[in-house]
Amino acid sequence: MSAAFSTAKFATQPFPLNTTSPRSHDKPLFDPLKIPTSSSPFLGSTRKLRLSSSSKLNLHRRSGAVVAVSDVVKEKKSKSTPNLLITKEEGLVLYEDMILGRAFEDMCAQMYYRGKMFGFVHLYNGQEAVSTGFIKLLKKEDSVVSTYRDHVHALSKGVPAREVMSELFGKTTGCCRGQGGSMHMFSSEHNLLGGFAFIGEGIPVATGAAFSSKYRREVLKQADCDHVTLAFFGDGTCNNGQFFECLNMAALWKLPIIFVVENNLWAIGMSHLRATSDPQIYKKGPAFGMPGIHVDGMDVLKVREVAKEAIGRARRGEGPTLVECETYRFRGHSLADPDELRDPAEKAHYAARDPITALKNYMIENRLASEADLKAIDKKIDEVVEDAVEFADESPLPQRSQLLENVFADPKGFGIGPDGRYRCEDPKFTEGTAHV
Amino acid sequence: MAAIFQGVGAAAALSSSPSNSFDTKKLLCSPRRSFSARKGASFVVVRSDGSVNFDLNHKGRRAQQLITNAVATKADSSAAASSSKPGHELLLFEALREGLEEEMERDATVCVMGEDVGHYGGSYKVTRGLAEKFGDLRVLDTPIAENSFTGMGIGAAMTGLRPVVEGMNMGFLLLAFNQISNNCGMLHYTSGGQFKIPIVIRGPGGVGRQLGAEHSQRLESYFQSIPGIQMVACSTPYNAKGLMKAAIRSENPVILFEHVLLYNLKERIPDEDYICNLEEAEMVRPGEHVTILTYSRMRYHVMQAAKTLVNKGYDPEVIDIRSLKPFDLYTIGNSVKKTHRVLIVEECMRTGGIGASLTAAITENFHDYLDAPIICLSSQDVPTPYAGPLEEWTVVQPAQIVTAVEQLCQ
Ligand SMILES: Cc1ncc(C[n+]2csc(CCOP(=O)(O)OP(=O)(O)O)c2C)c(N)n1
Ligand SMILES: [Mg+2]
C-alpha cells in the first residue's frame with residue numbers, strides 16, 4: 001500500500017542512516033511500487049549521476065527518458081588518466097578557496113557571539129565543495145545568484161573578504177555599504193546579483209540574467225557574449241513554484257543557466273524526505289527537457305567535473321542544466337539555530353566526509369601538494385580573515401547622510417515637495433534627516 | 001456597442017476603433033446599463049479639458065515640462081474640427097503602443113515580457129504588432145508564471161536591459177508581489193546602490209464592466225507602501241503615451257496603471273516626440289472653489305460632476321494626480337492654498353488606499369490652509385460585486401461627487 005510508506009518509515013527512520021553508505025544501498029525508503037528503488041537507490045552516490053553528451057541529450061530530449069549523464073565523469077576518470085583530475089595549480093586554487101570559505105565562516109560565528117554582527121547569519125560550513133567546484137570555473141562576467149547563505153558564494157566569486165566581513169559588521173566599507181547585511185550580498189563588479197533572503201526569489205532573477213546573455217547575443221548582436229549564470233539554492237527551495245517555473249522557462253528558451261541545488265537534506269528543521277514527494281531532485285531536470293545531474297557535493301573534484309560540463313553546455317548555447325549536489329551543513333541552519341533536531345550520527349557521518357579533508361588527502365596522495373604547501377595556504381587565509389576582521393572593525397559606521405541615498409537610482413523618485421522643488425534637492429535629503 | 005464605454009463617456013471611440021472586434025469580446029457586457037443613453041453621446045472625443053493655465057504654477061521648474069493637454073485647448077472644444085489640425089488621433093491603447101514602439105526603436109535594450117504580449121498582441125492589444133516588428137525575443141511571450149517572469153524582468157533589468165513587464169490583468173501581479181516588493185523595491189538599496197532596476201510594470205486594472213471581484217482590483221493601494229518604486233496612472237491617450245515613455249526611460253522601477261475602461265478613449269496627440277513628467281500632477285480644470293483630486297477612470301466621473309457643478313454655479317479645480325507615488329505636493333498644495341477645500345475621488349479602496357495616503361499628506365503639509373475637513377470618496381470596502389447595480393454602488397458615482405462638493409462649499 002502506498003499509503004503505508006511514508007509517515008511511519010520517515011518518523012522512525014527520518015534518514016536512512018547507515019554508517020558505511022548513507023542514502024543508498026539501504027532498505028528502500030519508498031514503496032517499491034512507486035519508485036523502482038532497486039535500480040535507483042535513493043539519492044545514490046555519484047555512480048548514479050546523470051550526465052550526457054549534448055548529442056545524446058538531444059536524442060532523448062523529448063523521449064521522456066531520464067537523461068543519463070553520469071557516465072561521462074566516470075569514463076573520463078577511468079580512461080584518460082587514472083589519477084589526476086586537476087593540475088597542482090588548480091588544486092591549490094580550489095583548496096585555498098575552500099579554506100577561505102571555512103575560515104571565514106568560523107570567524108563569522110566568533111564575531112556573532114562577540115556581538116559584532118547581528119540578525120540571521122547562515123553559515124556554509126560543509127558545503128564548500130559546491131561553491132568552489134562551480135564558481136572557480138567562472139569568468140568575471142558570469143553571474144552568480146545566491147540565497148541568504150551567501151557569504152562563501154561571494155568569496156568564491158572574488159568579492160574581497162574585507163568587504164564581506166565589513167558588510168556583516170554593518171560598516172560603510174561593506175560590499176553593500178552596510179545596507180544589505182548577511183543575506184543580501186551584492187557585487188556589481190563581480191557580477192554577484194545577490195543575496196536573496198526569501199526562498200526561491202533568486203531563481204527568477206538568475207533566469208533574467210541568463211535571458212540578458214541570450215538577448216545580448218541574439219538581439220544586440222554581441223556575438224562574444226557567452227556569459228552564464230549560476231543559481232544556487234537548497235533542497236527545500238525545490239518545492240517552491242519559482243523553481244519549477246524557471247526550469248520551464250530556462251529550458252524553453254535554452255538559457256545559459258545552471259540550477260545548482262545544494263541538497264543538504266534539511267530546510268531548517270524540515271527533512272527533505274518529509275517535504276518532497278520524489279526526493280531525487282535531479283530527476284526534475286529531464287521532466288523539463290534539460291539534463292539532471294546528481295553529484296557528490298562533498299567531493300570538489302566531482303562537482304567540478306559536472307560543473308565544467310554544465311557550464312560548457314550553457315556557454316555553447318546548448319541550454320540549462322539542473323545539478324543536484326548532495327551535501328551537508330556542519331552547523332545549525334543559522335547561528336540562531338540550536339540544531340537539536342538532526343541526528344548526531346548523521347552529523348558524524350558527514351563530518352567524516354569533510355570536503356576539505358578529502359581534497360587535502362587527494363592532493364597529498366597524488367603528490368599534487370605537500371603538507372607544507374597546504375599549511376602555507378592555511379596560514380595565508382588565517383591572515384586574510386584576520387585582516388578582514390580588523391578592516392571591518394576599524395571601518396566607520398554609516399553616516400546619517402547615507403540613509404536616503406540608494407532608495408531610488410534616480411532620487412527624483414522622492415517626488416516634488418510643497419515648494420515646487422524636487423525633494424531630493426532639499427539639504428535634509430543629503431543629510432538623511434528628511435522624512436520620507 | 002456604443003453602450004460599452006458610456007460610463008466614461010467614450011462611447012463613440014469604440015466604434016471607430018480598428019480593434020473593434022477583440023475589444024468587444026474582451027469588454028462586452030450587457031448594454032443595459034442605466035445611464036447609457038444619458039451620457040453616451042456627451043464626450044464623443046474625450047479630452048482633458050481646459051488646462052492652459054497649468055504652467056502658471058510651475059515657474060519653469062522642470063526643464064522637460066510639457067503642456068499636458070497639448071490638444072485640449074479651450075478653443076478645441078468642438079470635436080468636429082479635428083482632421084485639419086496637427087497631430088494625430090488615436091485611442092489610448094494605441095497611444096501606449098506608440099510610446100512603447102518608439103522607445104523600442106530608440107533603445108534596443110527595451111523589451112517586453114508577459115503573457116500573450118507577443119503573437120496575440122496583448123490582452124488589450126497594447127503590444128499589437130510589436131512581435132512581428134521586433135522579434136519574439138524582444139516581445140517575449142511568457143508562460144503563465146507571474147512571479148517568475150516578473151523576477152526574470154528584474155534580473156534582466158539588473159544586467160542591462162529595460163524590460164516592460166505586462167500583467168495581463170494588474171490583479172494577476174498579486175502573484176508577483178514578492179518580486180515587486182522585495183526586488184523591485186528594495187534591491188537597489190540593499191545592494192548599496194550597485195544595481196539599478198529600470199523596469200516598467202504595467203497593465204490593465206480597475207473596476208471594469210462586471211468583471212467580477214478578482215478582475216476588478218486596484219493594486220495601487222497594495223503597492224504604495226513599497227519603498228523604492230514609483231507609481232503612475234494614465235488617463236488620457238496623451239498622458240498614456242507620455243508616461244509610458246517616461247517610465248521606460250526612468251532609472252527607477254515604475255508601475256504604470258492603466259484602466260480597462262479607458263483603453264478606447266480617443267484624443268489627438270502631437271506628432272513630435274514628448275514625454276510626461278512622472279512626478280507631476282496634471283491640471284485638468286482650473287477653478288476657484290474646491291480642489292478635486294482624482295486619477296485614472298474617476299477623472300471622467302469627476303468631469304461629469306464638474307459640468308453639473310458649473311451649472312450650479314460652482315467653479316471646481318480638477319487635478320489628475322497621475323503620480324500615485326510620490327504625490328506632486330506642489331501642484332496639490334498650490335490648489336489647496338487657493339481653494340481651501342479638498343475632495344478626493346478615487347476608485348481605490350477606502351481602507352489604506354491612495355486617498356487615505358493623500359488625505360494624510362495634505363493634512364500634514366497644508367492643514368493650515370484648509371477651511372473644511374477633507375472629504376475622500378473611495379470605493380466601498382467590498383469585493384467588487386458582479387451584478388451591475390451592486391457594482392455601480394461600489395464605486396463613486398458623479399452624483400456623489402456633486403453632493404460632496406456642495407457639502408464642502410457650504
Ligand atoms: C519565502 C520564504 N519562506 C520561508 C523562509 C524561511 N526559511 C529560511 S531558510 C529556510 C529553509 C530553506 O531550506 P533549503 O532550501 O534546503 O536551504 P538551506 O537553508 O538548507 O541551505 C526557510 C524555510 C524564507 N526565507 N523565505
Ligand atoms: Mg537544505
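Trainee: In strand 11 of chain B, what is the bridge partner of Ile292(B)?
Mentor: Val318(B) is the bridge partner of Ile292(B) there. Keep in mind that this is a predicted model.

Trainee: Ok. Which way do strand 10 and strand 11 of chain B pair, parallel or antiparallel?
Mentor: Parallel, over five bridges. Strand 10 of chain B covers residues 290-294.

Trainee: And what does strand 9 of chain B do with strand 11?
Mentor: Strand 9, residues 282-285, pairs with strand 11 in the antiparallel sense. That pairing has three bridges. Val318(B) turns up here too, as the bridge partner of Arg285(B).

Trainee: What holds paired strands to each other, in general?
Mentor: Strands of a sheet pair through backbone hydrogen bonds, parallel or antiparallel.

Trainee: Back to strand 11 of chain B. How many of its residues are buried?
Mentor: Five of its five residues, 316-320, are buried.

Trainee: Which residues sit on which side?
Mentor: Pro316(B), Val318(B) and Asp320(B) are on one side. Glu317(B) and Ile319(B) are on the other. Both faces are covered.

Trainee: Why does the list skip every second residue?
Mentor: Because side chains in a regular strand alternate between the two faces of the sheet.

Trainee: What is the strand order in the whole sheet?
Mentor: In chain B the order is 9-11-10-13-14. This is an open sheet of five strands with mixed pairing.

Trainee: Which strands are at the edges?
Mentor: Strand 9 and strand 14 (375-379) of chain B. Each pairs on one side only.

Trainee: How much are neighbouring strands of this sheet turned against each other?
Mentor: By 25° on average, direction ignored.

Trainee: How many bridges join strand 10 to strand 13 of chain B?
Mentor: Four, and the two strands run parallel. Strand 13 spans residues 342-349. In strand 13, the bridge partner of Ile292(B) is Leu343(B).

Trainee: Which strands does helix 12 of chain B touch?
Mentor: Helix 12, residues 329-339, packs on the sheet and touches strand 10, strand 11 and strand 13 of chain B. Its direction makes about 155° with that of strand 10.

Trainee: Where does helix 13 of chain B lie?
Mentor: Helix 13 (residues 354-366) lies across strand 10, strand 13 and strand 14 of chain B. It runs at about 150° to strand 13 of chain B.

Trainee: What do strand 10, helix 11 and strand 11 of chain B make?
Mentor: A right-handed β-α-β unit. Helix 11 takes up residues 298-311.

Trainee: Switching to rings. How many aromatic pairs are there over all chains?
Mentor: The count comes to 14. Take Phe243(A) and Phe244(A): their ring centres are 5.1 Å apart and their planes are at 65°, so the pair is edge-to-face.

Trainee: Is Phe243(A) buried or exposed?
Mentor: Phe243(A) is buried, at 0% relative accessibility. Phe244(A) is partly exposed, with a relative accessible area of 28%.

Trainee: What about Tyr328(A) and Tyr350(A)?
Mentor: They form a stacked pair, 4.4 Å centre to centre with 10° between the planes. The two are 22 residues apart. Tyr328(A) is in the loop between strand 7 and helix 13 of chain A, while Tyr350(A) is in helix 13 of chain A.

Trainee: Are those two buried or exposed?
Mentor: Tyr328(A) is buried, with a relative accessible area of 1%. Tyr350(A) is buried too, at 0%.

Trainee: Last one. Which residues form one aromatic cluster?
Mentor: Phe233(A), Phe243(A), Phe244(A) and Phe288(A).

Terms used: Residues are numbered from 1 along each chain as its sequence is written. Chains are lettered from A and ligands numbered from 1 in the order in which they are written. This is a predicted model: local features need pLDDT of at least 70, side-chain atom pairs count only at pLDDT 80 or more; totals for chains, interfaces and linings use all residues. Side-chain values use heavy atoms; hydrogens and water are left out. Buried means under 20% relative accessible area, exposed over 50%, partly exposed in between (1.4 Å probe, protein chains only). Two strands pair if DSSP finds at least two bridges between them. A crossover is right-handed if, with the strands pointing away from the viewer, the path from the first strand over the helix to the second runs clockwise. Axes are lines fitted to C-alpha atoms, for helices over the stretch in contact, and angles run from 0 to 180 degrees between N-to-C directions. Contact means heavy atoms within 4.5 Å. Rings of Phe, Tyr and Trp (its six-membered ring) pair if their centres lie within 6.5 Å; planes under 30 degrees apart count as stacked, over 60 as edge-to-face and the rest as tilted.
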